[in-house]
Amino acid sequence: METKKPLSASAIISAKKKAIFRFLLLQLLLTFLVSLGIFYVAGGLYGYSFILGALTSILPSVYMAWRIFGYKGTRPAKDVVRSFYRGEAGKLAMTVVLLSLVFLLIKPLAAGAFFAGFGGAILSHWLSPIVLRNT
């Protein structure tokens, strides 16, 4: 009978990193598919407003994931906590900047579709435990 050897810390981190980036990729794919449906049903204004809203939420999440998992191997706990704080601060700043830029530069914009995309992307994070559990 063969016994299973426990995974190393590096292997666990690598598996979680792949799972997080796979979830973000799935989130982007679903956003594009939904926006294509909106383009088809409601028109271009609503479609691009929806996708801009979703990207305003997803891009800062990608930054945070990169900030946390952008390193190879294991690190001291102090460095990991510092990465979380920097990642969250950067994510918040990016969200504010992106929201501001969209409302200042994109005319016309369907605010309802924009916030539907933004909110939908935020709510999709609730799916992450289901997606990440299988890894």
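A crossing is right-handed if the near helix is turned clockwise from the far one by less than a right angle. The model is predicted.

**Entry 1: helix 2 against helix 4**

I looked up the handedness first. Helix 2 passes helix 4 in a right-handed crossing. Two packed helices are described by the angle between their axes and the distance between the axes. Here I noted a crossing at roughly 35°, with the axes coming within 6 Å.

Next I listed the contact residues. From helix 2 I have Tyr46, Ser49, Phe50, Leu52, Gly53, Ala54, Thr56, Ser57 and Ile58. They meet Ala113, Phe114, Ala116, Gly117, Phe118, Ala121 and Ile122 of helix 4. Sorted by class, this contact has 11 nonpolar residues, 5 polar and no charged.

**Entry 2: the second largest pocket**

I read off a volume of about 170 Å³ for the second largest pocket. I found 13 residues in its lining, and Gln27, Leu30, Thr31, Gly120 and Ser124 are the closest to the pocket centre. Helix 1 (9–42), helix 2 (44–69) and helix 4 each give two or more residues to the lining. Helix 1 supplies the largest share, 6 residues. I also checked the classes: 8 lining residues are nonpolar, 5 are polar and none is charged.

**Entry 3: a cis peptide bond**

Most peptide bonds are trans. I looked for an exception. Lys107 and Pro108 are joined by a cis peptide bond, with omega about -5°. I placed Pro108 in the loop between helix 3 (77–105) and helix 4 (111–123).

Definitions and conventions
Residues numbered from 1 in each chain as written. Predicted model: local features only at pLDDT ≥ 70, side-chain atom pairs only at ≥ 80, totals over all residues. Heavy atoms only, no water. Helix = DSSP H or I, 4+ residues; strand = E, 2+ residues; numbered from the N terminus. 1 Å grid on protein atoms, 1.4 Å probe; cavity = no way out; pocket = protein on both sides within 12 Å on 5 of 7 lines; lining within 4 Å. Points joined across faces, edges and corners; volume = space filled by probe spheres on them. Nonpolar A, V, L, I, M, F, W, Y, C, P; charged D, E, K, R; others polar. Axes fitted to C-alpha atoms, helices over the stretch in contact; angles between N-to-C directions. Contact = heavy atoms within 4.5 Å.
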